[in-house]
Structure formats: C-alpha cells, structure tokens
Amino acid sequence: KLHYAGGGLERDAIKLSDHSDLFHQVIDLGVPGFTPREWLVRGLWMRQGIGSIVTAYEDVEHEDFTEQSGKYVRASALGYVWRYEELPPRG
C-alpha cells in the first residue's frame, strides 16, 4: 500500500534462483511533464560465514519487462553492495 500511496504504479518481484530475485517497479514522480520512471533491478545474496550476509543489486534487462516506448522511462541506479552482520548479544 505504501508503494502505491507514494506514486507507485507497478511493482513486481520474480524469484530467479535461491539467491537471486528480479525487482520491477514504476513510480510517477509527481513532476508535471515527467513520464513515470521504471526500475528493473536484480538482487543477489549469499551467506558469508556464520552470522553474515552480503547482498548486491544491479540494473538489468529482462525479457519479461521489455521497454515500452513512451509509456515509461527506464531509470537506472548505481549498483550497490550491503553487508549485514549479526550483532553480539547485549548485556
């Protein structure tokens, strides 16, 4: 609901493998004269030792989401990597 309340027009996620997903979203930025922007991003994750997970995201093309001339503008984002580590117990 939050996605659509913030100008979101479409949102999909497709599982590509046990460690990879495809995320598709379209957002109307609310700027007069701007065509809605469409993002297509692949997310990968893997465990790295005990208590640590690394995720990476990158723009991709996919046959299920071909560019539709004039309907949306294909947006891009910088690729990025996050590392999550388990915190030690408190107390």
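## A guided tour around strand 3

Start by selecting Arg42, which is partly exposed with a relative accessible area of 28%. Here buried means under 20% relative accessible area, exposed over 50%, and partly exposed in between, using a 1.4 Å probe and protein chains only. Before you go on, know that this is a predicted model, where local features need pLDDT of at least 70, side-chain atom pairs count only at pLDDT 80 or more, and totals for chains, interfaces and linings use all residues. Residues are numbered from 1 along each chain as its sequence is written, and side-chain values use heavy atoms, with hydrogens and water left out.

**Stop 1**

Glu58 counts as partly exposed, at 35% relative accessibility. The term salt bridge stands for a side-chain nitrogen of Lys or Arg within 4 Å of a carboxyl oxygen of Asp or Glu. There are five salt bridges in the structure.

**Stop 2: the strands themselves**

Now show the cartoon and colour residues 37-47, which are strand 3. Strands (E, at least two residues) and helices (H or I, at least four) are DSSP runs numbered from the N terminus, and two strands pair if DSSP finds at least two bridges between them. Which strands pair with strand 3, and in what sense?

- Strand 2 (residues 20-27) runs antiparallel to strand 3, joined by eight bridges; look for His24 opposite Leu40.
- Strand 4 (residues 52-59) pairs with strand 3 in the antiparallel sense over seven bridges; Trp45 has Thr55 as its bridge partner.
- Strand 5 (residues 73-74) pairs with strand 3 in the parallel sense over two bridges; here Glu38 stands opposite Arg74.

Next, pick Gly49. It belongs to the hairpin of strand 3 and strand 4, which has four residues between the strands, and takes a positive phi near 80 degrees.

**Stop 3: a network of charges**

Select Glu38, Glu61 and Arg74 together: they are linked in a network of salt bridges. In one link, the closest N and O atoms of Arg74 and Glu38 are 3.1 Å apart. That pair joins strand 5 to strand 3, across 36 residues of sequence. In another, the side chains of Arg74 and Glu61 meet at 2.9 Å, N to O. Glu61 lies in the loop between strand 4 and strand 5, and Arg74 in strand 5, so this pair ties together parts that are 13 residues apart in sequence.

Which of these residues are buried, and which exposed? Arg74 counts as buried at 17% relative accessibility, and Glu38 is buried too, at 6%. Glu61 counts as exposed, at 55%.

**Stop 4: Ser52 and its neighbours**

Move to Ser52, in strand 4. Ser52 is buried, with a relative accessible area of 5%. Show what surrounds it: leaving out residues up to four places away in sequence, Ser52 touches Met46, Arg47, Arg83, Tyr84 and Glu85, where contact means heavy atoms within 4.5 Å. What does the side chain of Ser52 make with the side chain of Arg83? The answer is a polar contact of 3.3 Å. Such a contact is a pair of N or O atoms within 3.5 Å; within protein, one must be able to donate a hydrogen and the other to accept it, and residues adjacent in sequence count only if both atoms are side-chain atoms.

**Last stop: a loop residue**

Finish at Val31, in the loop between strand 2 and strand 3. Val31 counts as partly exposed, at 36% relative accessibility.
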